[in-house]
Amino acid sequence: LAGVFSLPDALALVAARGRLMQELPGGAMLSVPLPEEEAEGWLGPHLSLAAVNAPGRLVVSGPEDAVEALRLRLEEKGIAARRLHTSHAFHSAMMEPILGPFVRRISALELRPPQIPYLSNVTGTWITAAQATDPGYWAQHLRQTVRFADGIRELCAEPDRLLLEVGPGNTLTTLAQRHPERAPGQAVIASLPHAQDRQSALPFALRALGQLWLHGATIDRAGLCSAERRRVSLPTYPFEGERFWIDPGDFSGVATALGAASAKRQEIDDWFYLPCWKPSLPPELAGGPAAPGSRWLVFLDGDGLGRRLAKRLEEAGRSVTRVEAGERFARLGDRSYAVAPGRREDHDALLKELVAGGEIPEVVLHLWNVGRERDGDAMQAALADEVRGFWSLLYLAQACGKQNLKTPLRLAIISNNLHRVAGEGVLYPGKATLLGPSRIIPQEYPHIRCASVDVLLPAPGSPAELELIERLLAEAAGGLPDPIVAYRDQGRFLLGYESVRVGPAPPERLRFRTGGTYLITGGLGGLGLTFADFLARDFQGRLALLGLSPLPPREEWADWLARHDERNRVSEKIRKVQE
């Protein structure tokens with residue numbers, strides 16, 4: 001494929017190599033579940049390490065009696081080794097008698113530098129032109145250890161690579177999927193069923209082609225569709241009727257209860273609810289803030305709460321990556337980055353770096369909506385909160401989608417002074433925009449679990465802050481059981497809603513005055529006209545109706561104007577606007 005051999009030469013060389021191998025005495029091969037560094041102590045003088053197929057998965061090759069003796073020794077130690085179905089001891093010292101004839105056979109062929117890059121099973125890395133054109137290299141290829149695991153490691157260095165096994169079965173696919181350095185979500189696809197699999201090869205191959213296309217591979221559609229196609233009729237719908245009707249019986253009590261329940265909401269005065277905060281028990285932090293080996297990504301606030309959270313995690317032996325708000329994406333140090341909150345490409349770069357480095361987070365603590373100081377006026381502060389909350393969370397979720405992450409992820413969105421739980425005097429309304437992503441992200445990405453956790457900031461380093469840190473880590477480590485949580489002093493509160501009856505407001509409570517002037521934006525729409533009708537009828541208001549669309553034909557609004565002509569000058573106002 002790479003052009004080192006011509007196809008006729010390659011076929012002739014394979015046949016010659018097969019004939020040479022058949023002239024050798026028989027041997028055996030054994031699959032051994034041991035790391036490579038432990039294998040040397042088991043081999044002895046007669047056995048060879050034939051292949052390293054995966055970390056902890058080797059093949060040993062040699063004479064029949066030596067291989068069987070090794071299998072029995074391993075079995076005594078509780079290590080289950082498995083004999084392979086082979087006739088000879090390939091990639092072992094038993095191949096050495098044919099190396100000379102094999103080199104002479106290759107020397108008679110024309111070897112050319114490869115035209116496309118490929119991995120060498122001898123070195124486990126990319127082939128060089130000197131190796132590919134050296135007959136001695138091909139003798140090593142026949143004799144030396146097959147470095148398949150090293151080759152997969154080289155391929156996994158770029159997590160965007162698609163790995164396709166060409167040929168029947170899924171042996172190589174399975175080895176690649178189990179490789180510890182393969183990025184989660186990196187596609188490994190088998191192209192054909194196993195030789196003993198009875199399913200047709202064509203649907204299997206077409207399914208593999210579809211998987212490649214879904215992962216971004218370019219498909220030669222013209223070549224795919226050039227073969228003869230046949231129309232296949234799908235089976236018709238069977239129209240199998242199933243009965244779910246309730247047979248007559250004494251359900252009068254149930255009917256009465258259902259009727260009473262539905263009647264409760266017939267009046268519009270009963271359609272309203274008020275948010276309420278209910279006390280709840282905090283999740284318990286048992287033994288530490290997270291499971292051993294867990295990876296945490298912390299978006300640091302400017303008040304230091306995030307840094308103290310990260311320090312507490314590191315003290316417990318957890319892997320922590322820090323992200324600061326900056327002007328643009330930058331790597332600040334080991335497991336430390338800067339990201340611009342309002343730049344989508346910065347969040348993409350962050351996730352790409354984490355995936356490439358094998359640091360895919362299991363928990364994210366997002367604290368960019370935590371802070372005491374409010375820079376600028378209230379409007380500027382609210383806009384800044386929106387960028388650091390809504391847009392950052394949106395870009396973060398989209399970046400996870402672009403990296404095709406499917407592993408479970410917990411996203412704790414921490415803020416302060418967002419909710420009025422116990423009569424707080426200071427609220428930051430711009431932070432309310434983060435509630436949208438916290439609710440929607442789990443619907444778009446089912447593997448991501450979100451929770452909004454609002455707090456009041458205690459004094460830095462105080463016992464109250466230390467307790468808050470433990471509570472926040474317990475929320476995240478406990479799986480974020482509740483979507484909206486607020487911590488106030490020693491209490492944990494959950495958001496709920498209570499039904500409330502809202503009767504008609506007495507006139508003295510309405511903030512309108514008779515004869516007042518009112519501007520209604522969208523005033524020519526259904527709601528706008530409804531408000532205008534109310535103000536004109538009950539308060540004889542002077543109205544200015546503002547709309548984006550041209551005025552409708554007169555016959556569509558003349559009747560409405562006529563109803564109020566006697567009590568106000570609405571018709572005159574609108575006629576002037578129209579003129």
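Tutor: Axes are lines fitted to C-alpha atoms, for helices over the stretch in contact, and angles run from 0 to 180 degrees between N-to-C directions. This is a predicted model, where local features need pLDDT of at least 70 and side-chain atom pairs pLDDT 80 or more, while totals for chains, interfaces and linings use all residues. Residues are numbered from 1 along each chain, and side-chain values use heavy atoms, without hydrogens and water.

Student: How do the axes of helix H13 and helix H14 cross?

Tutor: The axes of H13 (residues 344-356) and H14 (residues 378-402) come within 8 Å and cross at roughly 45 degrees.

Student: Why is H13 called oblique to H14?

Tutor: Angles under 35 degrees count as roughly parallel, 65 to 115 as roughly perpendicular, over 145 as roughly antiparallel, and the rest as oblique. The crossing is at roughly 45 degrees, so H13 is oblique to H14. The crossing is right-handed (the near helix is turned clockwise from the far one by less than a right angle).

Student: Which residues of H13 meet H14?

Tutor: Arg 344, His 347, Asp 348 and Leu 351 in H13 do, with partners in H14 including Tyr 395 and Lys 402.

Student: What makes Asp 269 count as buried?

Tutor: Buried means under 20% relative accessible area, exposed over 50%, and partly exposed in between, with a 1.4 Å probe. Asp 269 has 18% relative accessibility, so it counts as buried. Asp 269 lies in the loop between helix H11 (252-263) and strand E7 (272-280). Beyond its neighbours within four places in sequence, Asp 269 is in contact (heavy atoms within 4.5 Å) with Val 500, Arg 501, Val 502, Gly 503 and Pro 504.

Student: How many of the 579 residues of the protein chain count as buried?

Tutor: The share is 39%.

Notes
Helix = DSSP H or I, 4+ residues; strand = E, 2+ residues; numbered from the N terminus.
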